[in-house]
Amino acid sequence: MWKETTIALFVILTGFTFNYIYYVQPTPYMDELFHIPQAQQYCKGNFSFWDPMITTLPGLYMLSVGILAPLGPLLSLDSAQICSPLSLRLMNVFFCLSNFCLIYTILKKMCKDTSEHSDVFLKALALTSFPLLYFFSFLYYTDSGSTFFVLIMYFFCLHNNQTVAAIMGALAILFRQTNIVWVVFIAGFAVSRRLLEELKLEKKDLREELTSDQKILKATFDLLFSRTRQGQRRFIRLLWDVVKDTWMYMLIGIGFIIFLYINEGIVVGDRSHHKPCFHFPQMFYFISFTNFFASFHLISPEKLFNWLKFCVKKPLVTLSFLGVSFALVGNFTYVHEYILADNRHYTFYVWHKIYKQHPYVKYSLIPMYYCFAYNIVMSLKHKNIFWRMLFFLCTSLTIVPQKILEFRYFIIPYLIFRMNMKSEFRSGLVLELLLYMSVNIVSLYLFTQKPFIWSNSDQLQRFMW
């Protein structure tokens, strides 16, 4: 009964917050100035219009119009009324509540111990309240819908329905092109699961913590390079099973390559502020971000002591990490013009209050990055080596090419990380939920109650992620 009550309270609180934000800011704000008029043009049937300032594909607008436009005749509303800022923003409230259902079902699928289902519910509630995701559930941005389709792709993959999973992945790409990376992740996950089944290193329940990395790699090497007839037959059977599982993902990959060729790049619309680069310190920002929001699970005196012991036992690894990190920070740190000029975003203050204080600050934080990276790696040690390699590779491919430090790009890798962490204590989940709620309250308070005016403009500006 307490779960139903909690869900009802969450829905009521979300609805109240939505209404209040709309009351405070009823007109399009920030990127909504591009997104809402674009959706309204589609709602009028004008599919030839495209705002050149928009850099993502039109998945959000197409889905919004597909759902809202048929309601117009039923409710006797014209296109302007049915596709108003209010109704368009409501799309993301729908995604928000749907994301809770998806996260909960995914966690239940991954959790074999029914005694932990209460903790699963609490974890799902916390992750749905994740500040970056929750905040943009009240504005007409692509984040909630993009997250929804990545999660539902993950859901169908876990249930071994790869065709539907791939279709959901294609829809995720229509919301944000970089989701092609998570399509690759899911396809790789399906391949690794099939491989482990063939190697008989997994039980039928598909748990992933049953054997060591060395045993997996040795068995994989023996299978791929076997010279025996039996081994070659096993390899051919495995290859055929992999093709059956992933042919739809392959079609999506080919289609995306064609898109890149025709579009001459991944960005549509305004490319001047979205030029790709090798911004390797983005990984350091991500692991710091992750350790902050998962601090009640990742940071403790015991984990700090374990890291220090690791540094002593593995001096070569430690020196290598510090040396490579020093080179990456020194040669590949980029500062986007938005970070320097736009004081509406929190990243502006992170950069100015921390990194810009002194030229050597960025180097002094490297030991902290090392500790935080160790925490993340240890928290995923129960996952098999293929899963970990895929996750870190895909996270890098998602965020490293981005010149701008934008916390919204961390949403999907953070959620996948948190959903796959080993079991946490219930007290940590409660504290995590309280942390997220506190950050949400502060963020929404600043957005609604602390507007300000720029010297060169008479329009109200608001603090936001």
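Start by selecting Ser146, which you'll find in helix 9 (residues 143-158). One thing to keep in mind as you click around: this is a predicted model.

Is Ser146 buried or exposed? Its relative accessibility is 1%, and buried means under 20%, so Ser146 counts as buried. Now show what is around it. Leaving aside neighbours within four places in sequence, Ser146 is in contact with Phe175, Arg176, Asn179 and Ile412.

**Next stop: the core**

Which residues have the most contacts inside the largest nonpolar core? Select Phe130, Phe185, Phe293, Phe410, Tyr414, Met464 and Trp465, and you have them on screen. That core has 129 residues. Its largest share comes from helix 6 (residues 85-110), which supplies eleven residues. As a bit of background, nonpolar side chains in soluble globular proteins tend to be buried together.

Pick Tyr414 out of that group and display its contacts. Not counting residues up to four places away in sequence, Tyr414 touches Phe130, Phe286, Phe289, Thr290, Phe293, Ala294, Glu432 and Tyr436.

There is also a second, separate core, made of nine residues. To see some of it, select Leu196, Leu223, Leu238 and Val242, which are among its members.

Now look at where the two ends sit. Cys43 lies in helix 2 (residues 32-43), while Cys83 is in the loop between helix 5 (79-82) and helix 6, so the pair ties together parts that are 40 residues apart in sequence. Cys43 is buried, at 12% relative accessible area, and Cys83 is buried too, at 0%.

Two other cysteines are worth a click. Cys111 is in no disulfide, and the nearest cysteine sulfur, which belongs to Cys101, is 18 Å away. With 13% relative accessibility, Cys111 counts as buried.

Finish on Cys371, which is in no disulfide either. Where is the nearest cysteine sulfur to Cys371? Select Cys311: its sulfur is 7.9 Å away. Cys371 counts as buried as well, with a relative accessibility of 11%.

Technical notes:
Residues are numbered from 1 along each chain as its sequence is written. This is a predicted model: local features need pLDDT of at least 70, side-chain atom pairs count only at pLDDT 80 or more; totals for chains, interfaces and linings use all residues. Side-chain values use heavy atoms; hydrogens and water are left out. A nonpolar core is a set of buried Ala, Val, Leu, Ile, Met, Phe, Trp, Tyr and Cys residues joined through side-chain atoms within 4.5 Å. Buried means under 20% relative accessible area, exposed over 50%, partly exposed in between (1.4 Å probe, protein chains only). Helices (H or I, at least four residues) and strands (E, at least two) are DSSP runs, numbered from the N terminus. Contact means heavy atoms within 4.5 Å. A disulfide is a pair of cysteine sulfur atoms within 2.5 Å.
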